[in-house]
Amino acid sequence: MGLLLKIFIPLLGLALAFYFYSAPENFNEEMLRGKRVIVTGASSGIGEQMAYHLARMEAHLLLTARTEAKLQKVVKRCLELGAASARYMSGSMEDTTFPKVVVKEAENTWGGLDVLILNHIGYSHFNYFNGDVGDIRKLLEINFLSYVAMTVSALPMLKESEGSIIVVSSIAGKTGAPFSAPYSATKFALDGFFSSLRHEFIIDKVNVSITLCILGYIDTENAVRAVSHVIQDAPAPKEECALEIIKSGVLRRRELHYPSQRVGSLLLLRDIAPDFLDSLIRSNYKVENIRR
């Protein structure tokens, strides 16, 4: 991987320089002051860190996740950090009515919405695909269909505020990798749906931005527990990742790649040398540590 980065970083650097130079403005924390923000999957990991960053920026927060006790602790910490307000709703995105209920709570509480951050995921086995179609169906409900349902429910308020949708996705939604077929399928679905929706917004002159966040290996507790015995790379910090997600969404950027060099290099290889990329990915896995 080191040699690969030495070869491709100059090209990637030019692309990134153009990308950031073309951003509409520089990020300022005051951009979030008083903004009304929903964060899903906010009880741990990247979602929890986003909640803390947004609290320091004095945003109004509505946080969701499955575990009420964890959400209570996060909300308490957000208020200590300076959130304009912070509240939570616990529930599972397997419940097809829950996304609409969350958005309705935002409407009843604030009368509007500025930022929708979609970050939650269902549990996925990191292993060979075992043929369980039901498992894929369940994961699609949580990782994809609930994102669509929340977007549909929130869109009237986001149109009114000319707000932002931030979709937390993965490099697994851009290129395939072993042992993650169901998870990867849901992330590819997110990319397809929200990229298509962005076109329609532009055609209809709907001033709601969509930012897709393409993340690599991040040091969340769940990710490290699931894959650290197989993947040889070191994970990137969740705190910095969370801040970059917020910045990219507020600046209304099309995509975030984080960590930028690694994800950017992989996407570049996908387009110019896909077979080599596949080989590189497989070589980075300790396959002997996978148990069927």
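1. A residue counts as exposed when its relative accessible area is over 50%, as buried when it is under 20%, and as partly exposed in between. Please keep in mind that this is a predicted model. Asp271, at 54% relative accessibility, therefore counts as exposed, while Arg270, with a relative accessible area of 28%, is partly exposed; the side chains of these two residues meet in a salt bridge, with 3.1 Å from N to O.

2. Side chains of opposite charge can pair when their charged atoms come close. The count comes to 13 salt bridges in this model, and Lys174, Asp191 and Glu255 are linked in a network of such bridges.

3. Arg36 and Asp114 are joined by a salt bridge of 2.9 Å, N to O, and this pair links distant parts of the chain, since Arg36 lies in strand S1 and Asp114 in the loop between helix H4 and strand S4, 78 residues apart. Asp114 counts as buried, because its relative accessibility is 10%.

4. Glu94 and Lys138 also form a salt bridge, their closest N and O atoms being 4.0 Å apart. Here too distant parts of the chain are linked, with Glu94 in the loop between strand S3 and H4 and Lys138 in helix H5. Glu94 is partly exposed at 40%, and Lys138 is partly exposed at 44%.

5. Helices H2 and H3 pack at an angle of about 25°, with their axes 8 Å apart, and they are therefore roughly parallel to each other. The residues of their contact divide into 6 nonpolar, no polar and 3 charged.

How values were computed
Residues numbered from 1 in each chain as written. Predicted model: local features only at pLDDT ≥ 70, side-chain atom pairs only at ≥ 80, totals over all residues. Heavy atoms only, no water. Axes fitted to C-alpha atoms, helices over the stretch in contact; angles between N-to-C directions. Helix = DSSP H or I, 4+ residues; strand = E, 2+ residues; numbered from the N terminus. Parallel < 35°, antiparallel > 145°, perpendicular 65-115°, else oblique. Nonpolar A, V, L, I, M, F, W, Y, C, P; charged D, E, K, R; others polar. Buried < 20%, exposed > 50% of the residue type's maximum accessible area, 1.4 Å probe, protein only.
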